[in-house]
Amino acid sequence: MIPFAKPIIDHEELEAVEKVLKSGMLAEGKVSRAFEEEFQKYLGTKYATVTSNGTTALSTALEAMNIQPGDEVITTPFTFIASANTISMIGAIPIFVDVDPDTYNIDPEQIREAITEKTTAIMPVHIFGMPCDMKHIMDIAEDEDLMVIEDACQAHGGTIDGHKVGTFGDVSAFSFYATKNMMTGEGGMIATNNEEILEKALMIKNHGRGKGGGYSHFRIGYNNRMMDLVAALGRVQLSRLPENTRARRVKAIKYNEFFEEVDGIETQREPNGFESSYHVYAPRVTSHDKDRDEIIENLREMDVGSRTVYALPCHKQGTYLNINEWRWAEFVNYPDYKSIKLPISEEIGRTHFDIPVHPLVSDEDMHKILNALENILT
Ligand SMILES: Cc1ncc(COP(=O)(O)O)c(C=O)c1O
């Protein structure tokens with residue numbers, strides 16, 4: 001079976017980890033500082049700070065932005081549930097608006113319509129690596145005096161007009177989960193140009209300690225730190241990210257050409273000037289004789305790893321259908337998520353399937369996958 005995702009672990013990763021182990025300094029320290037420096041340089045932000053994972057990068061950043069219980073944060077329902085949950089964790093309210101069928105990303109015009117006096121922020125999620133329409137979103141944020149946190153957990157290396165995602169909003173969050181385009185098993189990063197957000201995030205992720213460290217504490221914080229052991233992996237993975245992003249894009253472009261000729265299947269489309277990092281390649285069935293589940297089953301029978309991810313968008317998940325059981329429900333008025341209909345997200349959830357696009361898919365594998373697709377779909 002050609003795996004759907006496969007992390008690249010080479011001798012460089014092994015050596016980097018061994019070096020940290022031998023140093024005896026395993027927790028967050030010098031190696032993490034070096035990783036942050038390299039990451040912010042790669043991205044083009046002034047600051048970056050490591051976290052234990054993408055979820056804690058988002059939740060730490062939201063707290064550092066001063067998002068308060070009862071605040072509304074507008075986001076997409078077509079995402080991994082962590083995006084929405086980090087908003088809910090701090091007592092704020094995720095307001096879901098629908099997505100654009102071409103990009104699968106939040107529709108900026110629907111953001112505008114959803115703004116109320118309780119809205120304080122927007123969380124666009126660059127889904128599957130496809131950049132959101134950040135120019136449009138930042139214009140709305142400026143008009144309405146809102147903050148923007150980019151969930152770039154799937155989008156390391158995605159660009160708009162050559163500018164990397166994660167550099168447009170007030171702050172951004174990345175994940176280095178094991179299947180991500182660069183991975184450390186678990187791990188995350190916050191990036192920002194805003195010194196105040198950075199300073200707050202540094203305290204929040206480290207028990208409210210001040211700059212000097214030690215045992216003086218100035219606010220409630222958590223342990224959302226990364227281990228140097230993990231940062232060592234991150235540095236090696238980051239060094240290969242540009243090359244691996246190119247490798248993903250070459251495969252995605254081949255798939256795009258193939259699907260161009262197939263009736264009844266649509267792919268995620270890159271607007272002009274946008275480059276996806278293709279964390280996931282996810283076509284959707286619009287009017288084909290075969291349905292999504294049949295296609296996935298057929299692909300698996302032909303040894304091609306295929307699956308679907310967010311069959312249920314966030315507003316259809318038990319978490320939000322039962323939100324009144326969440327501890328904040330006593331203090332905060334949630335919308336009636338049960339009555340919310342977001343037809344495009346629901347449709348993409350029902351109809352998309354994912355095929356292998358990672359750098360370890362060889363030319364021979366590509367040939368096999370394209371043959372299998374041809375057999376199944378044409
Ligand atoms: C869009 C999105 N947001 C947030 C997260 C959370 O990241 P992590 O799994 O590292 O906590 C993920 C990770 O899978 C994600 O894909």
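How many cavities of 30 Å³ or more does the structure hold? In this predicted model, the count is 1. The volume of the largest cavity is about 130 Å³.

The lining of the largest cavity is made up of 15 residues. Those that lie nearest its centre are Lys 6, Ile 8, Lys 180, Asn 181 and Gln 237. Sorted by class, the lining comprises 4 charged, 5 polar and 6 nonpolar residues.

The ligand was examined next. The space that the ligand takes is the largest pocket. Around the ligand there are 15 residues, and Gly 54, Thr 55, Asp 151, Ser 175 and Lys 180 come nearest to it.

For Thr 55, a polar side-chain atom is 2.5 Å from a ligand oxygen atom. In the side chain of Gln 154, an N or O atom lies 2.9 Å from an oxygen atom of the ligand. The corresponding distance for an N or O atom in the side chain of Asn 53 is 3.4 Å, again to an oxygen atom of the ligand. The ligand taken alone exposes 390 Å², and 92% of that area is buried by the protein.

Note on methods. Residues are numbered from 1 along each chain as its sequence is written. This is a predicted model: local features need pLDDT of at least 70, side-chain atom pairs count only at pLDDT 80 or more; totals for chains, interfaces and linings use all residues. Side-chain values use heavy atoms; hydrogens and water are left out. On a 1 Å grid over the protein atoms alone, a cavity is a set of points where a 1.4 Å probe fits but cannot get out, and a pocket is an open set with protein on both sides within 12 Å along at least five of seven lines; lining residues have an atom within 4 Å of a point. Grid points are joined across faces, edges and corners, and a volume is the space filled by probe spheres set on the points. Ala, Val, Leu, Ile, Met, Phe, Trp, Tyr, Cys and Pro count as nonpolar, Asp, Glu, Lys and Arg as charged, and the others, Gly among them, as polar. A residue is near a molecule or strand if one of its heavy atoms lies within 4 Å of it. A polar contact is a pair of N or O atoms within 3.5 Å; within protein, one must be able to donate a hydrogen and the other to accept it, and residues adjacent in sequence count only if both atoms are side-chain atoms. Accessible areas come from the Shrake-Rupley method with a 1.4 Å probe; for residues, only the protein chains shown count as cover. A molecule sits in a cavity or pocket if more than half of its atoms lie within 2 Å of its grid points.
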